[in-house]
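Open the model in your viewer and keep the selection panel at hand. The tour goes stop by stop, each with something to select.

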Amino acid sequence: SFTISLRTTDNITVTINRRPGVSEGCQISVKKYIKSELKINPGENVTFTFTCTTPEKYFIMEIKKNIDCVSGPCPFGDVHLYPPGLPHLNRTFIWDVMASTKAGLELKFSAPWLRQIEPGETCPDSVSYNINSCIDKATVNIGTFCRNGSVSRVKLLGGVVMSLQLPWNSSLTTSGFNIANRASIKRLCIIEAILTEESSTTLMSPNYPLGFPEDELMTWQFVIPSNKRASVFFHNYSLSNCERKEERVEYYIPGSPSNPEVFKLSDSQPANIAGSFNLSLQGCDQDAQNPGILRLLFQVVVQHPQVDENATHLVDLSREWNTTVTIHFEGWPGRVPAVSEPICLICRDPRTCDRVLTLVAGTVYKISFLCKDLSRLRITAERGISCVNLQRCQRKIYSLSVPKAVTQLPIQLHKFTWKILASDLNIEITSPSLKLQQHVSEQRCNRSYSYSIVSATPEKELDVGVFCPGGSIEKIQMRNNVTISLKTFSKGFLNESKHQDLKMSFVPHIKDECSFTVSPHPKAKVYLQTPSWPHGLPPYVSISWYVVVPSKQVARLGFSKDRMGIACETGRAYVNIKEETMGAEETVRREDELLPEPRNMYHDFWVNVSNCKPVDKMQLTLQFWVTLADKQIDLGVILAVVAGAGVLLAIGLTVCCVKKKKKKSQNPMVGVYNSNVNTQVPGKQALFTKGRKNNESHVYAVIDDGMVYGHLLKESNGSVSPEVDVYRPFDGPIGSLPPSPPPFSFRKDIKRSSNTEERPPSTDTDQDTYMFAHQKSGQSENNGDVNEKNNGDVNEKNSGDTSMPLLESKEQDGLVE
């Protein structure tokens, strides 16, 4: 059982109520009466029990004491937790102190003082204080506080309602505050905070997040050692609609030549303040119809003077047009630093510092840092590029490199963004020396930075992908406005940034939404995938890749899966593959067909992917790969080339011997064909050791119909010497590429020419494929002339008879076989 005895002079009322939302599982028993709640008034003595062993689960207690400091003496000194012997329930002590507005009250808290928290926040030990100021009939919530903070005193104008909430298992025996004295303060309240070591405190205006009372004034007093430095940061504020006066904050800084220093809430607040100072918030007369809300949440940070606070860094943005540079703490803007986290400040001058500093183009800055560890700072920059003059834009190449003004700072670059407005043109991105590699799961980027490219219009957005230097992509063309974001991942960017070569230019209209030009590395497997991976290609979007294949190599193209994996609600999805050569067939696959098997591509080729409107949540994601290999030369081609070289060598030796014979001749001679004479050219027999009869050097690769000797052999009744060349059809093996033609060929018609020069052997360097010539009887074929400079002509004359053709020559001509 519990007994609570209240004296009449204490003005204390005790109330035990059921916890909200808890069912009736326990009751209060008083003199055999069962109750669900119990109220004990001043002067009463009540003994009661609970019908359960865990009453803290079902009941809460409120102990309220009224203190009159207007009509009677004010009980200065410590405020006690009275009465003793209370049951272990969640309890709230309330002290309602009445005081005159002409004589305010001062509440002083014992160490470790208090820490203000935002509404809805809870204290770690569940012990919390709430302070309300009562002016006439109006109540202003000064704030809610936890233990272990920097708030040491609160001075209030008028009465005070002070409450202390304790959990049922708390062992706290004292209230932790006292009523110090009464003093006229002529403002809503004064809150004193003591910060002796490196620390920070967060404070809020009264009634936060609701509005600060109209046309009121309040002050925060900060007690700071003279060897420390304090900085003020406004994290959240809003302004009311003023009819008269102006909302502002005022600083009283000892030693300042212009006390008080007045600032707007939107200004950067003073930093690097030496010693104690005051901060006041002044409201205004608000618009009765639309008053608005004045509120403020701010932080005061105290730290030691920094060794390098006088070291300045020059940031020259005078020529960096349309560029902004922001220096901020790590995790900005999404993350809010913890109160206990060390502070890094960026200063434009010794008193203008902030955790976030934005520098704009066209200006030269001298900045300094109040920070022990600069590795906790980051740089985020942005540059805008747009086209105003179409003629000039198409001729200009923009360098997408990070300016030296940024890279020379001792701060890690987090992100540099280029926002490009294309207007009526398209955008082309190139990397001439490094090229780009697409970041895919099979081929991840391992550089210190990467580029994220997004093409967007007001209606849709296309995430082109993430790319890094050192790949095979030479060029990316896009149709819409483009945002390129360079993100860094390590300190190695400072060295790698010296070799940046990303370029941008405006180009005329392109057919597809996005087009890539790829030059695969000979020893690498290149993976390429559709944009907006893995969410899927937007409906009705067409993407193309142009793959360059070197002339001496063959490309192997394959897809990572066998189907597109979608079903179309409207339209059709296609994959088109076509080589860039005359007569090449186009390979087309729809979304309901199997994708092509891996294949060889011998010329530059296109891969195009066109999307439909997929059914439900199905999206088109496609990935393919390309490898290069050297072309395999066929054995038949090699043999043909060797044979052709042998024929050329034999004819060359023959012509050489004939020339020597011509030089020895003194008189003009007429060469008459004699079928019984051996026409074999003498000289260097070592090259034909088998003899002409035993090798095939006399077999022509190309021969006219008029030179076929079969019928002559019949008419001569075998009188023709076996030394005469006879055409024999080619019956040997033929490779994929037939052999090259011989260097000379004969014409049927005799054309006399007295001043002709010897032509070089007729060769075809564009095509190595030739066939044996089999003409119909009587068909004329022009195979070129064989002429020798200054030595006359060698012509073949076809007179229509069936005898052997007559070889005629002028002076110093020899027989040419």
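**Stop 1: a sheet**

The model you are viewing is a predicted one.

Now widen the selection to β28 and to β33, residues 364-370. The two strands run antiparallel, and four bridges join them.

**Stop 2: the disulfides**

Clear the selection and show the cysteine side chains. How many disulfides does the structure hold? There are nine. Three of them follow.

**Cys69 and Cys74**

Select Cys69 and Cys74. A disulfide joins them, with 2.0 Å from S to S. The link is right-handed, with 60° about the S-S bond. Are these cysteines buried or exposed? Cys69 has 2% relative accessibility, so it counts as buried. Cys74 counts as buried too, at 9%. The cut-off for buried is under 20%.

**Cys242 and Cys284**

Move to Cys242 and Cys284. Their disulfide spans 1.9 Å from S to S. The torsion about this S-S bond is about -85°, so the disulfide is left-handed. Now colour by secondary structure. Cys242 lies in strand β21 (residues 242-244). Cys284 is in the loop between β25 (277-282) and β26 (285-286). The pair therefore ties together parts that are 42 residues apart in sequence. Check the surface as well: Cys242 is partly exposed, with a relative accessible area of 33%, whereas Cys284 is buried, with 1%.

**Cys445 and Cys468**

Next, select Cys445 and Cys468. Their sulfur atoms are 2.2 Å apart and form a disulfide. This link is left-handed, with -90° about the S-S bond. Cys445 lies in the loop between β38 (436-438) and β39 (449-456), and Cys468 lies in strand β40 (residues 461-469). Parts that are 23 residues apart in sequence are therefore tied together by the pair. Cys445 counts as partly exposed, at 21% relative accessibility. Cys468 counts as buried, at 1%.

Select Cys189. At 0% relative accessibility, Cys189 counts as buried. Then select Cys514. Cys514 counts as buried, with 0% relative accessibility.

Conventions: Residues numbered from 1 in each chain as written. Predicted model: local features only at pLDDT ≥ 70, side-chain atom pairs only at ≥ 80, totals over all residues. Heavy atoms only, no water. Pairing = 2+ DSSP bridges. Disulfide = S-S within 2.5 Å. Buried < 20%, exposed > 50% of the residue type's maximum accessible area, 1.4 Å probe, protein only.
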